[in-house]
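Biologist: Could you walk me through this one, going by what the coordinates show? I will ask about one spot at a time.

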2 protein chains.
Amino acid sequence: MLSGLYAFPLTPLDEQQLHLGAFTQIIGRLAAAKIDGICVAGSTGSYAYLSREERALLAKLAVEAAQGIPVMVGIGANRQRDVLQHLDDAQQAGAASVLLAPLSYQPLSDSEVFGLYQAVSQASSVPVCVYINPRTTHFDFSDALLTHIASLPNIASVKFPGVAAEQREAARLAQYWRGQLPEQVSLGISGDAYAWAAIAGGFDIWYSVLAGLYPETCKVLLRSAQSESGEINKQLEPVWQLFRQHGSLRVVAAMALLAGLTPCDGLPRPLQPVAENALAEIRAVMERLQW
Amino acid sequence: MLSGLYAFPLTPLDEQQLHLGAFTQIIGRLAAAKIDGICVAGSTGSYAYLSREERALLAKLAVEAAQGIPVMVGIGANRQRDVLQHLDDAQQAGAASVLLAPLSYQPLSDSEVFGLYQAVSQASSVPVCVYINPRTTHFDFSDALLTHIASLPNIASVKFPGVAAEQREAARLAQYWRGQLPEQVSLGISGDAYAWAAIAGGFDIWYSVLAGLYPETCKVLLRSAQSESGEINKQLEPVWQLFRQHGSLRVVAAMALLAGLTPCDGLPRPLQPVAENALAEIRAVMERLQW
């Protein structure tokens with residue numbers, strides 16, 4: 001079962017190129033931290049802005065640099081044809097699993113989204129994680145649809161968006177979904193601000209943006225949630241505030257630049273880095289946390 | 001000034017290939033109808049599902065088949081780098097103008113959307129149409145942002161979504177925007193069900209899905225709106241109903257198949273054709289209209 005801490009590293013890039021040295025350095029930090037998995041070309045890895053060739057290269061380099069830690073690869077695209085190509089590329093690169101959100105330009109029906117997961121389920125020889133992200137995909141899974149998809153072969157995990165801010169509500173959701181989904185499908189939480197409550201409430205896996213930069217901190221948070229100690233989550237609240245305000249991608253991109261881990265703001269245009277005053281806030285938060 | 005009737009043809013395709021013979025036949029019908037312009041690789045042309053090479057090829061074939069009628073080319077993409085490449089390709093193909101919606105995966109700020117149009121405005125040597133489509137892009141232009149973008153060099157038209165169902169309200173909007181936007185920027189309407197009211201209310205150009213298949217009918221509607229006769233719009237109401245229910249792309253794709261203009265359902269997966277009962281409804285509407 002997919003469980004524990006999965007980190008979502010940035011893909012350092014500018015308008016001319018990928019910065020592959022910086023990328024493998026970031027993967028190396030994650031490998032050294034011995035987390036449970038690394039997901040490259042996730043949302044934080046800007047997968048939706050990259051070409052097929054770029055995504056295939058990132059998957060290959062990540063598997064090489066991960067020192068045996070399982071690598072999950074994002075395979076989402078507007079078109080099913082492209083999703084299946086990304087799946088092929090990920091498998092050839094040695095991906096241990098893949099992550100799929102239902103991207104689209106035209107709004108999708110439930111039947112279309114089911115058809116997409118069905119096609120990928122059939123074509124995949126590795127576990128598939130169902131990625132729910134209404135903020136970027138504008139698609140809401142009904143409970144019935146998610147349950148239907150989770151019954152397909154190879155579906156191994158669901159990456160839920162952050163919804164329950166309190167442990168008790170998260171526990172209720174975990175119990176509900178444990179009753180709905182096949183037992184081999186792990187319950188995953190994203191939205192780092194919600195991770196503590198979800199893990200304390202019984203979710204199995206934390207799909208973490210922050211862990212892409214600070215895996216050790218996130219390991220501590222995961223353990224503290226498992227023992228229901230909330231101190232570190234309180235300390236990280238200023239980080240979650242920044243994530244809420246600017247989007248986690250823009251914040252970790254700024255952190256990576258400030259930490260000297262990337263040579264540029266790292267965001268694909270038209271995305272722009274945070275403004276100067278927000279950058280100063282981010283710097284202050286990093287100093288307080290001794291990052 | 002961009003004005004009159006612009007048709008948005010389908011791109012006939014299946015999971016294996018583009019059907020280029022069917023595509024050029026559809027363009028030929030539009031050329032024969034002597035409409036004011038043809039927009040290839042618009043939403044109805046499934047641009048967001050096509051590769052760079054496919055889009056460049058469609059632009060080239062359309063210019064060749066259009067017999068001198070101006071060809072507009074859709075250049076939208078998640079990443080600005082790709083938008084600028086599509087712009088280059090469109091210009092090299094002989095496009096008379098380009099169409100740009102602010103696509104994204106990460107939600108965009110106003111400043112990011114302005115930056116995108118600024119970059120395209122600077123790089124373009126042809127007129128640019130600002131494409132507002134919240135249903136597919138999930139981006140809402142504020143009045144201030146749209147006015148700011150419209151002041152950039154090369155911005156020639158705004159493609160508004162259908163909003164005003166009544167002529168009086170459309171006239172109020174037309175008057176408002178005429179006061180806000182530079183005089184060379186034409187007011188365009190999309191959402192075919194709203195075209196009659198908008199043109200009767202003073203909009204300059206109809207960006208039409210239906211005209212991609214039935215240009216003569218749409219020419220009649222345009223003229224009738226200009227003379228404020230509403231009869232044909234009432235006759236077409238069953239078509240607008242189908243568009244509202246299934247999305248215009250799925251309906252015109254079904255119509256093209258029924259009319260023998262395309263060899264397949266023509267929709268990029270995961271999009272699926274309408275169900276059998278909806279297909280029967282579409283067939284009945286076409287028979288009533290003698291299409």
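Biologist: Which residues of helix 9 of chain A are buried?

Modeller: Happy to start there, and keep in mind that this is a predicted model. To count as buried, a residue must have under 20% relative accessible area. In helix 9 of chain A, the residues that qualify are A:Pro215, A:Thr217, A:Cys218, A:Leu221, A:Leu222, A:Ser224 and A:Ala225.

Biologist: What covers the buried residues of helix 9 of chain A?

Modeller: The cover includes both strands and helices of chain A. The strands are strand 1 (4–7) and strand 8 (205–208). The helices are helix 1 (20–32), helix 8 (195–200), helix 10 (231–235) and helix 11 (237–246).

Biologist: How far does helix 9 of chain A reach from its first C-alpha to its last?

Modeller: Helix 9 runs over residues 215–226, which is 12 residues. At 1.5 Å a residue, 16 Å is expected. The span in the model is close to that, at 16 Å.

Biologist: Which residue just after helix 9 of chain A takes a positive phi?

Modeller: As background, most residues other than glycine have a negative phi. Just after helix 9 of chain A there is a positive phi of about 60°, and the residue is A:Glu228.

Biologist: Is A:Gln67 buried or exposed?

Modeller: A:Gln67 sits in the loop between helix 2 (52–65) and strand 3 (71–74) of chain A. Its phi is near 50°, a positive value in a residue other than glycine. The relative accessible area of A:Gln67 is 64%, and the cut-off for exposed is over 50%. Therefore A:Gln67 is exposed.

Biologist: And what is the relative accessible area of A:His138?

Modeller: A:His138 also has a positive phi, of about 60°, although it is not a glycine. Its place is the loop between helix 5 (134–137) and helix 6 (143–150) of chain A. A:His138 is partly exposed, and its relative accessible area is 38%.

Biologist: Where in chain B is B:Pro270 found?

Modeller: The peptide bond from B:Arg269 to B:Pro270 is cis, with omega near 15°. As for its place, B:Pro270 is in the loop between helix 12 (248–258) and helix 13 (276–288) of chain B.

Biologist: Which residues lie nearest the centre of the largest cavity?

Modeller: The structure holds 7 cavities of 30 Å³ or more, and the largest has about 170 Å³ of space. Its lining has 14 residues, divided into 4 nonpolar, 10 polar and no charged. Those nearest the centre are A:Asn78, A:Ser104, A:Thr136, B:Asn78 and B:Ser104.

Biologist: Which elements give two or more residues to the lining of the largest cavity?

Modeller: Both chains take part here. The elements are helix 5 of chain A and helix 5 (134–137) of chain B.

Biologist: Which helix supplies the largest share of the lining of the second largest cavity?

Modeller: The second largest cavity has about 50 Å³ of space, and its lining has 4 nonpolar, 2 polar and 3 charged residues. Among the lining residues are B:Arg52, B:Arg55 and B:Asp89. Helix 2 (52–65), strand 3 (71–74) and helix 3 (80–93) of chain B each supply at least two residues. The largest share, 4 residues, comes from helix 2 of chain B.

How values were computed
Residues numbered from 1 in each chain as written. Chains lettered and ligands numbered in written order. Predicted model: local features only at pLDDT ≥ 70, side-chain atom pairs only at ≥ 80, totals over all residues. Heavy atoms only, no water. Buried < 20%, exposed > 50% of the residue type's maximum accessible area, 1.4 Å probe, protein only. Expected span 1.5 Å × (residues − 1). Contact = heavy atoms within 4.5 Å. 1 Å grid on protein atoms, 1.4 Å probe; cavity = no way out; pocket = protein on both sides within 12 Å on 5 of 7 lines; lining within 4 Å. Points joined across faces, edges and corners; volume = space filled by probe spheres on them. Nonpolar A, V, L, I, M, F, W, Y, C, P; charged D, E, K, R; others polar.
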